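Here's a quick briefing to read with the model open beside you.

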Amino acid sequence: MELTRTKVTLDGVNIAYRDSASSGPVDPVPVMLVHGMGGDGHTWDQFAQALLERGRRVIIPDLRGHGRSAHTPSYLFDEFGDDLRRLCDDLDVTRIDLVGHSLGGYACSRVAQDRPELVRRLVVEESPLPLRPGDPPMSLTGRFPTLPELWHAGTSVIRHPRAVLAFDRSMTSTALAQFRKPNPVWWERLSDIEASTLVLVGGPGGMVDPVKLAALSELLTGSRIVRYKTGHSIHRDNYRQFEADVLPFLMAD
């Protein structure tokens, strides 16, 4: 089975995505795989193949400002979620499983909040949790990358030049500003999520605050937290364990 490459204009923004619908079996609940900031959808190629082999329809978008999708004047975090929701509507998808890494995990959580009836299962991998009112300022400089992350950063231009070169670096300052600003609405709307939820948390080099993680587990009913010893990119640096945990979750009846 193959993933067909397509582009669609959603609310004036060109979003590129790959979809197995044309070559795979009919799947009433597709899986959408959403990458993190600075990457593109090809980070999911190995896991996508595992899903395809099990008969799942797979949809892999490039977020705005990444991969083959358009650069835009605005990169508000909620806009990434809006793009995913609009893509589901454009594809006439009425039920979906969402898997998101980092920024992609936040975007997927917003879809699950806005459209709880749409999202059946939700996997959030190493998504930095927003600040709550009264939280101390977030520091993104206190974490140290793991050795696999250092290797990936040093060789990414050679191995994945398109993702590195296509990334719109103008979003970096916008992203940092949003990380440092409390987002009480996101916390208040956690109870809107109806999807069975798997939260994946890295070890050394991870970006999930343990204090906010505890609050998340209390507010998000039906969630399960899985911890790893790897750093921020679990599906890349510890793929075997990632697949062992996530694949049965998505394939369960």
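What follows covers confidence, one serine, and a handful of charged pairs.

This is a predicted model, and the protein chain averages a pLDDT of 89. The structure holds 19 salt bridges, and a few of them are picked out below.

**Confidence**
- Of the residues, 89% score at least 70 in pLDDT.
- Watch residues 149–155, where pLDDT stays under 50. For that stretch the model has 11 contacts beyond four places in sequence.

**Ser-127**
- You'll find Ser-127 in the loop between strand 6 (119–125) and helix 4 (147–159).
- Ser-127 has a relative accessible area of 6%, so it counts as buried.
- Its side chain reaches the backbone nitrogen of Tyr-106 at 3.3 Å.
- Leaving out residues up to four places away in sequence, Ser-127 touches Ser-102, Gly-105, Tyr-106 and Val-208.

- Side chains of opposite charge can pair when their charged atoms come close.
- Asp-27 and Arg-56 do this through their side chains, with an N to O distance of 2.9 Å. The two sit 29 residues apart: Asp-27 is in the loop between strand 2 (13–19) and strand 3 (31–34), while Arg-56 is in the loop between helix 1 (45–53) and strand 4 (58–61).
- Asp-27 counts as buried because its relative accessibility is 14%, under the 20% cut-off. Arg-56 is buried too, at 6%.
- Arg-110 and Asp-78 also form a salt bridge, at 2.9 Å from N to O.

- The side chains of Arg-86 and Asp-83 meet in a salt bridge of 3.9 Å, N to O.
- How far apart are Arg-86 and Asp-83 in helix 2? They are 3 residues apart, which means about one helical turn separates them.
- Arg-86 is partly exposed, with a relative accessible area of 24%, but Asp-83 is buried at 4%.
- Arg-86 and Asp-83 belong to a network of salt bridges that also links Asp-11, Arg-64 and Glu-79.

Methods: Residues numbered from 1 in each chain as written. Predicted model: local features only at pLDDT ≥ 70, side-chain atom pairs only at ≥ 80, totals over all residues. Heavy atoms only, no water. Helix = DSSP H or I, 4+ residues; strand = E, 2+ residues; numbered from the N terminus. Buried < 20%, exposed > 50% of the residue type's maximum accessible area, 1.4 Å probe, protein only. Polar contact = N/O pair within 3.5 Å; in protein donor to acceptor, adjacent residues only side chain to side chain. Contact = heavy atoms within 4.5 Å. pLDDT = per-residue confidence, 0-100. Salt bridge = Lys/Arg side-chain N within 4 Å of Asp/Glu carboxyl O.
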